[in-house]
Amino acid sequence: MGIGFAVGVLGVLLLAHAAYSTIQYRGLLKITEEEFSGPPINVVVELLLGLVFSMWAALTVPGKFLSIHPDSEENRIVSLPANLDFMIFNHRGKAVLSGVNMKLKH
Amino acid sequence: MVTKTEETQLINLENQVENGGGGAWEYLCLVRKLKVRRSDKVLKHGLAILNDSKERSSLGSEEWTLNEQVAIAAMDCQCLDVAKDCINALQKRFPESKRVGKLEGMLLEAKGSWSEAEKAYSSLLEDNPFDQVIHKRRVAMAKAQGNISEAIEWLNKYLEIFMADNDAWRELAEIYVSLQMYKQATFCYEELILSQPVVPVYHLAYADVLYTLGGLENLQTAKKYYASTIDLTGGKNTRALFGICLCTSAIAQLTKGRNKNDKESPELQSLAATALEKEYKQRAPGKLSLLTSTLRSLKIS
């Protein structure tokens, strides 16, 4: 969590710095009166690094992925809940379950 | 719906609680969440918490939920005194509550005084005619009295109003199956599959009913639904695997002597048989010979 968060912050900072560098570069081009053909290579590298860092952080920090397969252990339904709204009381429990000596004492 | 992970969790927690390892409250919460019927254990451990004043006060407002849970469990175990005490405590805390009114009706049911329970429920329904739980209790009451046809009638009336209630459809299907009215049961299961298409248990139950009905067309449909159960469970449902084998042999018996242009793939049965053999080898090696002889007799016929 801590490491992921730090990497995420670093990634966003790198992206911001890349943007700032590009603006600065264009300002420089205006002064020297050259055509803008593309950002310099170090800005591109910075941009890619920032992208990778932010992406990695966004995938790891919020939590683990859950399975969407219907047959995975977390999703595979093995039994239905007992239909408790329709439960009836005159069954064998009367004879089998012994709770005679239980008492609620408040 | 109880998934595999939740089932394992429940079993582990149950063992832990039964052996005095603590965690009774977590166990009771899980039982409530999964809606499983463990009345004897709920009564034992829930009552222990309720009788321990320190533990009880640490629950805060959850105490009343526990009171309700223990009351229902106690009725299920026929400990009517405990149930009465719990309901009285709830009654004192929530004097006007409908939910407590339902519990009182259930207590009358557990005592067997049906006419009084009926009276209690109808007075509750007068206040709120669309209280689903009370309608369901009436169905259950008819069933408990052995009056199945009345229960079906009530349930059908109920389902006309609350068509989206899956539990009620399931109950109706189970009642029909118990009366061997399989045609009607298939309708209920179709309804359930329509509303919850990814629950393998409904596919399996539907296939079972169709197989029981018999006839070539039904058997072929049953086979398809067994196959879809296998698809949804990843082949971990033994009953569906057996169903495939049985359906194939029954279809083969029916179509024997007819022209052999069936589109049925012959691999399905052999695949199911292999999966069964593998599972038996892994989990019950002693029964493997029994399985192979059964499968052999199915293939011959």
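This is a predicted model: local features need pLDDT of at least 70, side-chain atom pairs count only at pLDDT 80 or more; totals for chains, interfaces and linings use all residues.
**Stop 1: helix H3 of chain B.** Select residues 39-51 of chain B, and you have helix H3, 13 residues in length. From first C-alpha to last it reaches 17 Å, close to the expected 18 Å. Now colour the buried positions: among them are Val42(B), Leu43(B), Leu47(B), Ile49(B) and Leu50(B), and also Lys41(B) and His45(B). Show the surroundings too, and you'll find the buried residues packing against helices H1 (4-18), H2 (24-34), H4 (53-59), H5 (62-76) and H6 (80-93) of chain B.

**Stop 2: helix H11 of chain B.** Pick residues 166-178 of chain B; this helix has 13 residues and reaches 18 Å. At its start, zoom in on Asp165(B): a side-chain oxygen there comes within 3.1 Å of the backbone nitrogen of Asp167(B). Buried residues of H11(B) include Trp169(B), Arg170(B), Glu171(B), Leu172(B) and Tyr176(B). Their cover includes helices H9 (132-144), H10 (148-161), H12 (182-195) and H13 (200-213) of chain B. After the helix, check Gln180(B), which has a positive phi, near 60°.

**Stop 3: Ser72 of chain A.** Hop over to the loop between helix H2 (41-60) and strand S1 (77-79) of chain A, where Ser72(A) lies. Is Ser72(A) buried or exposed? It counts as buried, because its relative accessibility is 15%. Draw a distance from a polar side-chain atom of Ser72(A) to the backbone oxygen of His69(A), and you get 3.1 Å.

Technical notes:
Residues are numbered from 1 along each chain as its sequence is written. Chains are lettered from A and ligands numbered from 1 in the order in which they are written. Side-chain values use heavy atoms; hydrogens and water are left out. Helices (H or I, at least four residues) and strands (E, at least two) are DSSP runs, numbered from the N terminus. The expected span of a helix is 1.5 Å times one less than its number of residues. Buried means under 20% relative accessible area, exposed over 50%, partly exposed in between (1.4 Å probe, protein chains only). Contact means heavy atoms within 4.5 Å. A polar contact is a pair of N or O atoms within 3.5 Å; within protein, one must be able to donate a hydrogen and the other to accept it, and residues adjacent in sequence count only if both atoms are side-chain atoms.
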